[in-house]
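Reader: I have a structure open and would like to learn how to read it. Please take one feature at a time, the general idea before the case.

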Amino acid sequence: MENVIEAKGLRKSFKNTEVLKGVDFEVKRGEIFALLGSNGAGKTTIVRILSTLLKKDGGTVTVNGFDVASKPENVRHAISLTGQFAAVDEILTGRENMIMIAKLRHLKNPRQIADDLLNRFRLTDAANRKVSTYSGGMRRRLDIAMSLIGNPQLIFLDEPTTGLDPEARMEAWKIVKELADCGTTVFLTTQYLEEAEQLADRIAILHEGRIIAVGSLAELKKLFPQAKVEYVEKQPTLEDIFLAIIGKKEAM
Amino acid sequence: METHFFSDMGVMLGRSMRHILRSMDTIFTVCITPIAMMLLFVYVFGGAIQTGTDNYVNYLLPGILLIAIASGISYTAYRLFLDKQRGIIERFHTMPIARSSVLWGHVLTSVVSNLISVAVILLVALVMGFNSSAGILSWLAVAGILVLFTLALTWVAAIAGLSAKTVEGASAFSYPLIFLPFISSAFVPTETMPSAVRVFAENQPVTSIVETIRSLLSSQPVGHDIWVALAWCVGIMIVAYLFAVHAYNRKAA
């Protein structure tokens with residue numbers, strides 16, 4: 001299978017702190033790839049280098065076959081970034097945000113594209129409201145919708161669910177799965193193990209500036225000793241209870 | 001991909017013009033202090049100020065307009081700072097667009113919004129008794145100098161907005177700029193100032209710009225003031241532009 005991202009020996013330092021000490025990984029076309037690591041591990045630094053926002057100190061990185069350092073313009077045609085904080089224009093309406101991005105991608109029929117995506121992300125009712133009135137979940141949906149304009153082949157989602165409530169998080173997961181079903185490659189960073197487990201085809205663990213393990217969930221599980229069979233009483237988690245109550249309320 | 005520069009800049013300009021139209025209060029905020037100063041100087045201090053002219057509003061207006069522009073451009077710093085802080089500039093930078101269009105959109109918006117402020121203040125000045133014998137060409141020259149002055153200061157504002165660490169820092173730089181017209185011939189002739197202050201007042205940019213606009217509006221010969229004024233505006237603009245682009249590219253690196 002063809003690789004969309006290839007990183008070899010990627011290094012980056014900030015002042016005297018070496019954040020990335022030789023990072024190697026590949027992302028295959030069409031997969032959901034999760035980069036897992038604790039806060040400050042360098043996940044965002046990797047995303048910023050891959051998305052042409054930051055220059056690397058060493059190593060080679062290609063995205064969609066183009067070197068990020070020497071051919072950033074070609075890389076930008078293939079990617080879209082959804083950063084940690086929803087980068088949406090609060091003074092504009094949701095529709096205006098969408099149209100703006102469609103125009104900047106030099107697409108025909110920006111209005112049509114905007115309306116289709118707003119509809120797909122259930123934002124049609126709020127489309128003509130200023131984004132400053134949106135909830136956190138709606139902003140995130142708009143943010144991801146803006147990233148999808150022009151059908152980029154590769155989407156970076158940097159901690160897409162940090163700060164979202166459980167419902168909005170599940171919604172974001174659904175969106176990510178749908179993206180992958182449509183053939184888009186998704187590069188996702190997260191600090192939530194459950195998120196990686198739920199979504200990712202392959203997971204890489206970033207620790208102290210290096211990728212210390214990479215593989216599918218099943219492959220990673222093999223790194224540990226055989227599972228023991230234990231009998232435990234399954235209590236519902238607070239999240240289960242919360243979602244059950246909310247679901248009942250909405251059904252009424 | 002510089003071929004898209006104009007269409008990209010059009011989108012950016014449309015975006016920040018919407019910001020202005022949806023917060024008209026920013027225009028009023030910019031106008032209110034210069035108008036209050038104009039009222040104060042004309043109706044309170046003006047009677048005691050000897051300028052050698054019989055219409056103090058005419059004498060005062062050019063300086064008031066410069067103060068309005070000097071405070072108006074701080075909104076550009078503020079808007080650029082917010083774009084940077086909220087990750088909007090980064091979003092644009094991961095897209096295949098002409099990068100400089102992001103900055104130019106803000107800068108042209110600043111010119112438009114400052115021209116609106118200038119027009120509002122002109123209207124108030126007319127009510128207060130401002131009159132001018134200037135013809136259309138002189139008015140165009142005045143507009144040209146005000147646009148150049150706005151461009152020069154807006155690029156200074158861009159440096160502040162791109163390199164500030166806090167919102168307060170992004171707009172604080174404009175205070176000394178607002179103060180500069182007071183140590184010039186904007187309010188009073190420089191002859192009565194102590195010699196050190198006078199040397200500063202007569203050789204800082206505001207005096208030559210104020211004198212030029214004043215001469216143009218009263219159909220007097222502009223002399224060499226206009227060249228000094230143009231040199232200051234263009235000089236500041238070029239230097240500030242280079243620093244702003246450097247700050248912008250460093251953020252974008």
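Author: Start with one pair: A:Ala34 stands opposite A:Leu188 in E8(A). The model is a predicted one.

Reader: In which sense do E3(A) and strand E8 of chain A pair, and over how many bridges?

Author: Strands of a sheet pair through backbone hydrogen bonds, either parallel or antiparallel. Here E3(A) and strand E8 (residues 185–190) of chain A pair in the parallel sense, over five bridges. E3(A) also pairs with strand E9 (residues 202–207) of chain A, in the parallel sense and over four bridges. Within E9(A), A:Ile205 is the bridge partner of A:Leu36.

Reader: How many residues of strand E3 of chain A are buried?

Author: Five of the five residues of strand E3 (residues 32–36) of chain A are buried, and the strand is mostly covered. A:Ile32, A:Ala34 and A:Leu36 point one way, A:Phe33 and A:Leu35 the other way, and all are buried.

Reader: What is the strand order in the open sheet of chain A?

Author: Four strands of chain A form that open sheet, in the order E2-E1-E4-E5, with antiparallel pairing. Strand E2 (17–28) and strand E5 (66–67) of chain A each have a single partner strand, so they stand at the edges and one side of each is left without a neighbour in the sheet. Strand E1 (residues 3–14) and strand E4 (residues 58–63) of chain A pair over five bridges in the antiparallel sense. One residue to look for is A:Ala7, whose bridge partner in E4(A) is A:Val61.

Reader: Now a helix. Why is H5(A) described as largely enclosed?

Author: Of the 13 residues of H5(A), 11 are buried, so the helix is largely enclosed by the rest of the structure. The buried residues include A:Arg139, A:Arg140, A:Arg141 and A:Asp143, along with A:Leu142 and A:Ile144. Strand E6 (79–82), H3, helix H4 (110–120), strand E7 (154–158) and helix H6 (166–181) of chain A are included in what covers them. As for length, helix H5 (residues 136–148) of chain A reaches 19 Å from its first C-alpha to its last, close to the 18 Å expected at 1.5 Å a residue. Just after H5(A), A:Gly150 takes a positive phi of about 85°.

Reader: Which residues touch the most other members of the largest nonpolar core?

Author: In soluble globular proteins, nonpolar side chains tend to be buried together. The largest nonpolar core here has 134 residues, and A:Ala34, A:Met98, A:Ala145, A:Leu188, B:Leu60 and B:Leu66 touch the most other members. Helix H7 (residues 136–163) of chain B gives the largest share of this core, 14 residues. Leaving aside neighbours within four places in sequence, B:Leu66 is in contact with B:Phe149, B:Pro181, B:Ala186, B:Val206, B:Ile209 and B:Val210.

Reader: How many residues of chain B are in contact with chain A?

Author: 19 residues of chain B are in contact with 22 residues of chain A. On the side of chain B that touches chain A, helix H1 (5–21) and helix H5 (88–93) of chain B each supply at least two residues. H1(B) provides the largest share of that side, five residues. By type, the residues of that side divide into seven nonpolar, five polar and seven charged.

Key. Residues numbered from 1 in each chain as written. Chains lettered and ligands numbered in written order. Predicted model: local features only at pLDDT ≥ 70, side-chain atom pairs only at ≥ 80, totals over all residues. Pairing = 2+ DSSP bridges. Contact = placed C-beta atoms within 7 Å. Nonpolar A, V, L, I, M, F, W, Y, C, P; charged D, E, K, R; others polar. Buried ≥ 20, exposed ≤ 12 C-beta atoms within 10 Å, placed from the backbone. Expected span 1.5 Å × (residues − 1). Core = buried A, V, L, I, M, F, W, Y, C linked by C-beta atoms within 7 Å.
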